[in-house]
Amino acid sequence: MEKIIDEKIQGQTLELETKKENTRKLFIESYGCAMNFSDSEIVASILANEGFNTTQNLEDADLVLVNTCSIRDKAEQTIRKRLQKYNAVKKINPKMKVGVLGCMAERLKEKFLEEERIVDLVVGPDAYKDLPNLIKEVEDGRDAVNVILSIDETYGDISPVRLGGNGVTAFVSITRGCDNMCTFCVVPFTRGRERSRDPQSILKEVNDLAEKGYKEITLLGQNVDSYLWFGGGLKRSFKKASDIQKATAMDFAQLLDLVAAEQPKMRFRFSTSNPQDMSLDVLHTMAKYQNICDYIHLPVQSGSTRILKEMNRQHTREEYMELIDSVREILPDCSISQDIITGFPTETEEDHQDTLSLMEYVKYDYGYMFAYSERPGTLAEKKLEDDIPEEVKKRRLAEIVALQREHCAIRTEEFLGKTFEVLIEKESKKSNQHWAGRTSQNTMAVFPKENYKVGDFVMVKIDDCTSATLIGECVGYSKNN
Ligand code: SAH
Ligand code: F3S
């Protein structure tokens, strides 16, 4: 079932539209979160000015970059396997250089060069503007490493090259880093302090995308709801901001309002929301604009207040449920998805039952579920023993996945017999006679193509469904088309 994902790590290679004068070939591959995919577009844009066009053929590449994920051990193992593959190709093409970007680069730093002899270049998430210099170092025969985390880099001045996409949906990053320090999470160590991007540069990127014909934008950040711009964007400096800066600061609800009003013909989504930072203002702004999608990814991690506290999540089970109640009240058609971790240190059967009962309460539309993976350097690793046996973590994971599957089917069935606006994104994987696109609620719908085209907003009447996909037929254009 495609919407229930217990491991979201997938690789995707990206191809850039060719610049004729460029002679060098870049093979860039991304793993992990949407932010990595978005960052790879920034990297491709920086390197397009250094003579690189992208290729989808590894064997042809002069430079191979892999944008990595450290969130769970399994993610890192996947990347180490890829490095072995690059190594095999490098034996045939010894001039090929290999660089590691992203969170694993940041976590392992110079150690990478020792551990993986084939790596020439190690570049952390805030150092991509240094890539041209680092590549020169490598070409001169030196290893090159830059993993310096920044407090103000947001790449706001770089216009990403849209890679391998459908020309209809795009990501725009609005914050970088995270200050939340959830005890299980490596992100604050690999992506640094939380900082927001200047709203004017966000607006410019949104307008550029609109001009190029894009129809839907997902605003990205580790914690979008804590977006805050006050002339500067470093979250922890806000306390020291002047009164004027505080009075004129822009928060996430205001940013949403700004972009939704600027481009009323475009749809907006955002990810990820942290329950403690999601304000009622955001929900009211979503209700005010029909072009802000009725969908919230609201990771909960656990349904037990005791475990949430051990995880340093800043809310209780009850507060999370109150937030869900507010979503249901203010946005009755909103779909909600989750992230859940099973087998966090000290998790008892009772805590696990609390997670299952919370899921029953919310009946999430879908979710991403994981067995706890201890990450070096995190607070949980330092303070708590990874004491839940692997088979118990797996069994609990199987139980929550099974329950999510039931809820997924219930939620999908609720669409039956009704008509929804769908943005056509691509051809259906199963039939070249059908289009596929998502509803505002982020559910995939397929329907006969007729004379409609990719990028159209259409109204689709849903007559049938699988557990995760809606099946219907088009009854005309949406009035927003
Ligand atoms: N705020 C981020 C969260 C990134 S991590 C965002 O933009 O989505 C994504 C999910 O991975 C988390 O919500 C959590 O459920 C899971 N995760 C993080 N660290 C983990 C660990 N050590 N073990 C298992 N799952 C983990
Ligand atoms: Fe990680 Fe928690 Fe931030 S899950 S990305 S530390 S909100």
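**View 1. The shell of ligand 2 in the predicted model.** Sorted by class, the residues that form the shell around ligand 2 comprise seven nonpolar, three polar and one charged, in a model that is predicted rather than determined by experiment. The residues in question are Cys 178, Asn 180, Met 181, Cys 182, Phe 184, Cys 185, Val 187, Pro 188, Gln 222, Asn 274 and Arg 313.

View 2. Met 181, which is among the residues around ligand 2, lies in the loop that runs between strand S10 (175–176) and helix H6 (187–191). Although Met 181 is not a glycine, its phi angle has a positive value, near 55°.

**View 3. The shell of ligand 1.** Ligand 1 is surrounded by 14 residues, of which Gln 222, Thr 272, Gln 301, Asp 339 and Ser 373 are the closest. By class, this shell around ligand 1 contains six nonpolar, five polar and three charged residues. At least two residues of the shell come from strand S17 (335–342), and at least two from strand S18 (366–371), while on the level of domains both domain 2 (166–290) and domain 3 (294–414) contribute at least three residues each.

View 4. On the side of the ligand's oxygen atoms, one lies 3.0 Å from an N or O atom in the side chain of Arg 72. Taken alone, ligand 1 would expose 540 Å², and the protein buries 91% of that area.

**View 5. The cis peptide bond at Thr 272.** The peptide bond that leads from Ser 271 to Thr 272 is cis, its omega angle being near 10°.

**View 6. The contact between domain 1 and domain 2.** According to the domain assignment, the chain is divided into domain 1 (11–146), domain 2 (166–290), domain 3 (294–414) and domain 4 (419–477). The C-alpha centres of domain 1 and domain 2 are 27 Å apart, and the contact draws on 13 residues from domain 1 and 14 residues from domain 2. About 1200 Å² is buried between domain 1 and domain 2, with carbon and sulfur atoms giving 59% of this area.

Conventions: Residues are numbered from 1 along each chain as its sequence is written. Chains are lettered from A and ligands numbered from 1 in the order in which they are written. This is a predicted model: local features need pLDDT of at least 70, side-chain atom pairs count only at pLDDT 80 or more; totals for chains, interfaces and linings use all residues. Side-chain values use heavy atoms; hydrogens and water are left out. A residue is near a molecule or strand if one of its heavy atoms lies within 4 Å of it. A polar contact is a pair of N or O atoms within 3.5 Å; within protein, one must be able to donate a hydrogen and the other to accept it, and residues adjacent in sequence count only if both atoms are side-chain atoms. Accessible areas come from the Shrake-Rupley method with a 1.4 Å probe; for residues, only the protein chains shown count as cover. Helices (H or I, at least four residues) and strands (E, at least two) are DSSP runs, numbered from the N terminus. Ala, Val, Leu, Ile, Met, Phe, Trp, Tyr, Cys and Pro count as nonpolar, Asp, Glu, Lys and Arg as charged, and the others, Gly among them, as polar. Domain bounds come from an automatic or database domain assignment. Contact means heavy atoms within 4.5 Å. Buried area is the accessible area (1.4 Å probe) that two parts lose on being put together, summed over both.
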